[in-house]
Amino acid sequence: MKVLTLNFLTCAVKTCKSSSDSFPLHPKDAELVSDDVELNPQLLVNLLPRIDWKALRTTSTELGFPELPEQPPTAEELEADEKMLKDLHTLLVETQMNEGKLVCGHCGHEYAVREGIANFLLPSHLV
Amino acid sequence: MLPTPSTSHVPYARVYEPAEDSFLLLDTLSAPSETAFLAARFPSSSSSSSSPSSPPPLVLEVGPGSGVVLAFLTAHAAALFSRRDVLTLGVDVNRFACAATGETVRRAVRDDSASSSGGGDNVSVSGSGAGYFLGAAQGDLAGAVRPGTVDVLVFNPPYVPTAELPSMRQEEGGTVGYEEDSRLLALSYAGGRDGMEVTERLIEALPGVLSGRGVAYLLLCAQNKPEEVKARIRKMGREGEWRAETVGTSGKQAGWEKLQIVRIWRD
């Protein structure tokens, strides 16, 4: 599961939906692997407006990647910044979470990730 | 014709094997009318040079099973969406289906780049038109997907009318074996009352799941009473907000399992 996925996932518990603490989910004991993918600057520039930057900063820091700037770059800034392109490419497109847990900051529920597959099926008492 | 992804590695004892319904989705999504709709809905700078690209569309397939449809959408992103920067994600209740989907997508993307760069003079040029596969997660419908983010949702639901629905969870301390495999397969086809119990839950969730530009492709069979389903969708939200049109049919079979694809979107 690519790290970018964490920008699109939230806690599956219904009562957590209204809480801002349920997004992003927090990786715990994460084992990361890296795929070799060709850099596509256009993808990253186009992605900018649809990424929740604050959540991405949290994810990046929690996974031990270098801290991202507080504000997202503009499209022009990103196009001109080879290092930033490379860093975002590595983090979002190449890095995969293979094992570990994803923890909801609101209810504390831990979703297991095994062999790259996260399990969001809730135990019956949480449905 | 875009090649159909290979699924020869999929364990069909516990994962739904691609069938007429899966192939109707492939045919519909690659029909000129749908690729034109998708290109207009998610314009990229390469398809209309004057304006900047809209953000990359996020494609979610609910219940990908073998992964044949999601692999098709991922490997042929450029041909289907007129852009390569397409993100794809699968959520299936069956863990074996998640693993199968990942493998089917990886193979299809690899085959696509091999066929587009192999043998030509420009071997060093990346000819791949593949999109970006985010992963496959185990879950119930789109319950773990952040609200308002899905741009293209594809659902080939369990649509066969059945007396009851199988449990989504394996029994506590349950064993692996024939019974567990039967439960997993039943999850792929058993739709409860009118074959609509799971589909109804997905339809109810659509306004929360889809982005403003979002569109859903839903497969229905004749016993699901598709005309009634479309009429109900058109009554959601404000008047005239939701559209639902049949955009693909399998007319070859006149039996009870005649299939259609309904496109659902906000106008």
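This is a predicted model: local features need pLDDT of at least 70, side-chain atom pairs count only at pLDDT 80 or more; totals for chains, interfaces and linings use all residues.
In chain A, four strands form an open sheet in the order β1-β2-β3-β4, and their pairing is antiparallel. The edges are taken by β1 (26–34) and β4 (117–118) of chain A, each of which has a single partner strand, so one side of each is left without a neighbour in the sheet. The partner of β1(A) is strand β2 of chain A, residues 95–103, and seven bridges join the two in the antiparallel sense; within chain A, A:P27 has A:L102 of β2(A) opposite it.

Across β1 and β2 of chain A lies helix α4 (residues 82–94), which runs at about 65° to β2(A). Helix α4(A) also packs against helix α2 (residues 53–62) of chain A, at an angle of about 80° and with the two axes 12 Å apart. Because angles of 65 to 115 degrees count as roughly perpendicular, α2(A) is described as roughly perpendicular to α4(A). On the α2(A) side the contact is made by A:W53, A:L56 and A:S60, and on the α4(A) side by A:L88, A:L91 and A:L92. By residue class, this contact of α2(A) with α4(A) comprises five nonpolar residues and one polar residue, with no charged residue.

Turning to the interface, 34 residues of chain B are in contact with 35 residues of chain A. Between them the two chains bury about 2,700 Å², of which 60% is on carbon and sulfur atoms. On the chain B side, the residues that lose the most area to chain A are B:R95, B:L134 and B:R146, which together account for 25% of what that side buries. Three salt bridges are counted between chain B and chain A, and B:R95 takes part in a salt bridge with A:E115, in which the side chains meet at 3.7 Å, N to O.

Chain B has an open sheet of seven strands, ordered β3-β2-β1-β4-β5-β7-β6, with mixed pairing. At its edges stand β3 (132–138) and β6 (242–250) of chain B, and each has a single partner strand, so one side of each lacks a neighbour in the sheet. From one strand to the next, the twist averages 15°. Strand β2 of chain B, residues 87–92, pairs with β3(B) in the parallel sense over six bridges, and B:G90 stands opposite B:A136 in β3(B).

Methods:
Residues are numbered from 1 along each chain as its sequence is written. Chains are lettered from A and ligands numbered from 1 in the order in which they are written. Side-chain values use heavy atoms; hydrogens and water are left out. Two strands pair if DSSP finds at least two bridges between them. Contact means heavy atoms within 4.5 Å. Axes are lines fitted to C-alpha atoms, for helices over the stretch in contact, and angles run from 0 to 180 degrees between N-to-C directions. Angles under 35 degrees count as roughly parallel, over 145 as roughly antiparallel, 65 to 115 as roughly perpendicular and the rest as oblique. Ala, Val, Leu, Ile, Met, Phe, Trp, Tyr, Cys and Pro count as nonpolar, Asp, Glu, Lys and Arg as charged, and the others, Gly among them, as polar. Buried area is the accessible area (1.4 Å probe) that two parts lose on being put together, summed over both. A salt bridge is a side-chain nitrogen of Lys or Arg within 4 Å of a carboxyl oxygen of Asp or Glu.
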